[in-house]
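Please open the structure in your viewer and keep the selection tool at hand.

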Amino acid sequence: MGTIKWLQILDPLRHVFEKLGVDYEVMRKILEIKLLMDGRRAPTINPKANKNADVASQSNQFIKSLVIYVILSIVLVPFVVMKLNYMFQMSLVFGILMFMVTTSLISDFSSVMLDIRDRNILFSRPIHRKTINMAKLLHVIIYLLLLTGALTVIPLVVSLFRQGVLFFLLFLVEIILMDIFIVALTAALYWLVLRFFDGEKLKDIINYVQIALTIAITVGYQFISRLFQLADLDIGFTAKWWQIFIFPTWFASPFEWLMGGSGNTYVVIFSILSFLGPLLALWIYFLLMPSFERNLQKLASHQSRGKTGRFRLQDKLAAILCRENTEKLFFRFGWDMMGRERDFKLKVYPQLGFSIIFPFIFMFNMLGSKGGFAEMRTGNGFLFLYFCALMIPTMIMMLKFSGNHKGAWIYQTVPLKDAAPVYKGTLKAMLARLFAPIFVLQSIIFTVIFGGRIIPGLIAILLSVLLYTVLSFMVLEKGLPFSQPFQNTQSGNGFVILGLMLLLGVFAGAHFGFTLLPYGEYLWMLLLLVLNFFGWKLAFR
C-alpha cells in the first residue's frame, strides 16, 4: 500500500505520459512491482538488515537507510554556511555529493539500471517498448531523487536562511543537473565496460565500488576532519584550463559567477558547462541506449574466469607453503574461492582497506604530534605496521561463510581422515592471497620512509603476524571453510575479536620493549620462530 501511495504523485502527469506514447496504467503497474521487489533488498550502506525476517513484512530497506544519508548530509552544512570563497566551498560540496551519489547509485542501484528481467519477461508480452523504458527510467529517477534529497535536505534548508533565496534556487537547480550528469556518466561507464568486456567484469567493478563505499563511509571522517582546518585560511582560486576535467568545479562556478561577482573567462565557461554538460550527456545517453540494451544481455552470461597463469601461481605457492597433498588441494580451493566469491569479497575486502589505511593514519597522526618528518624517520614509527594485521581475526572468522554454502556437501563425499589439512591449507591461502600483498606493499613504503635499518624489524613483524594468525584461529569459533550462509555472521565472537585486537597491541609493545635491549630485535625474532614452530604444530590437532 505504501508503494501505491508513492506512485499517486505521478497521476497528475498521466496525460503527459500518454502523449509520449506510454500506456500509463501498464507503466504504473510495472513500476509498482519493481518498487515492491526493491523492498526485499538491503542497501550497501545498511547491510545488517535482518535477512531472516519474513520477506512479506519487510519494508523497503532503502527508505530506512535514508536516515543515515540525512545524518551524513550534516558534513556539508559548514561549507554551505561559510561566506569565504564560493568556488572553494561549493566545489567541496559538489565533490562530496558526486562521490556519495555516484558510488551509491552504482553499488545499490546497479540492479535497477542493469535489470535484464525486462528483456526476459516483458519484451515477449504485448507491451510497447516506450512503456517499459519509461518505467525503467522512472525507477532510477525515483531512487536518485530520494537519495539526493536525503543528502541535501539539511544543506538546502540551511542555505535558504544563511545565503538567501538566489543561492537556494541555484543550489537546487545545480543538484538536479548534477543528478542528470551522474546518471548519464554511470550509464556510459556500464556501456563502455559491456562494450569491451563480459558481464562478469562489470559485476566485479560493481563489487569493488561497493567496497569503496564501505571504506569511504567508515574512514572518510579522517579526511573530512582535516578539510575543516582550511576554514581559517585566506583561500583564493586561480582558474586553469585543465580544471575542465574536474566536474565539481562546473557546478560550483555559477555561484562564483552570479553571487561572487567573478568575471573570469574560465568561471563563465565552467558555469555554461554546468548547464549544457548534463544535457549533452543525456543526449549521448539516449543515442547509446539501443547499443546499451543489446549489450545488457551479456549480464546473463556466466563465462569461466579461470586463467592458466593464476592456477600456476596457486600451484607454485601451494608447493612452497604446504607439505601434504590434501593441504595443497585446499590451499588452491581457498585461493580460488576468495577470488570468486562475490559476497565474501564484499564482506572481507573492506577489512583489507582498513589494514592498508590504519598504519598510515597512526603514523601521520604521530607526524603531526612529533613536529617533523626527519625526527619521525629516526624513531620506531614503523611499528605501526603491526596494525596491518588488525583485521586478521575478522577475516579468519569470515572464512567459514559463503553465498554458495549449499555446496558444502562436498566435505561429506571427500574421504578426509582429518580436517586439519583443510583448515591449514585455507588459512595459508588467506595469508598468501589477502595479507601478503598488503604487507609487501606497506613494507616497501615504510622502508622508503624509515630506511633499510627497519628490515630486521619487518621480519619480526611478519613472524609476529604469523603467530598472531594461528592464535586467532585457536580461540575463534571453528567451521569448515565456506560452509555456512552469511546470515549466520552475527555470532558471539565480538568480545573475542576485541581481545585479539588488544593482543596485537601486546605484540607491538613487546617488540618495542625488545628494541631497547642489545640485539633485542634478533632475540625477539628467535623467540617468535620457536613459538611459530610449536604454534602451527599444535593449533590444528
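Begin by selecting the cysteines: in this predicted model, the number of disulfides comes to zero, where a disulfide is a pair of cysteine sulfur atoms within 2.5 Å.

Next, display the whole protein chain as a cartoon. The chain contains 23 helices and zero strands. Of its 541 residues, 47% are buried. Consider also the contacts between residues at least 6 apart in sequence: 80% of these join residues at least 24 apart.

**Helices α21 and α23**

Now select residues 455-475, which form helix α21, together with residues 520-538, which form helix α23. How are two packed helices described? They are described by the angle between their axes and the distance between the axes. Here the axes come within 9 Å and cross at roughly 25°. Angles under 35 degrees count as roughly parallel, and α21 and α23 are therefore roughly parallel to each other. The crossing of α21 past α23 is left-handed.

To view the contact itself, show side chains on both helices. From α21, the contact is made by P456, G457, I459, A460, L463, S464, L466, L467 and V470. From α23, the residues are E521, Y522, W524, M525, L528, L529, L531, N532, G535 and W536. Colouring this contact by class gives 14 nonpolar, four polar and one charged residues.

**K428 in helix α20**

Proceed to K428, which is located in helix α20, residues 420-450. Is K428 buried or exposed? Its relative accessible area is 18%, and buried means under 20%, so K428 is buried. Setting aside neighbours within four places in sequence, K428 is in contact with L321, C322, E327, F331 and W536.

**L500 in helix α22**

For the last stop, select L500 in helix α22, which spans residues 494-515. L500 is buried, with 5% relative accessibility. Which residues does L500 touch, beyond those up to four places away in sequence? They are P393, Y468, S472, V475 and L476.

Conventions:
Residues numbered from 1 in each chain as written. Predicted model: local features only at pLDDT ≥ 70, side-chain atom pairs only at ≥ 80, totals over all residues. Heavy atoms only, no water. Axes fitted to C-alpha atoms, helices over the stretch in contact; angles between N-to-C directions. Helix = DSSP H or I, 4+ residues; strand = E, 2+ residues; numbered from the N terminus. Parallel < 35°, antiparallel > 145°, perpendicular 65-115°, else oblique. Left-handed = near helix turned anticlockwise from the far one by under 90°. Contact = heavy atoms within 4.5 Å. Nonpolar A, V, L, I, M, F, W, Y, C, P; charged D, E, K, R; others polar. Buried < 20%, exposed > 50% of the residue type's maximum accessible area, 1.4 Å probe, protein only.
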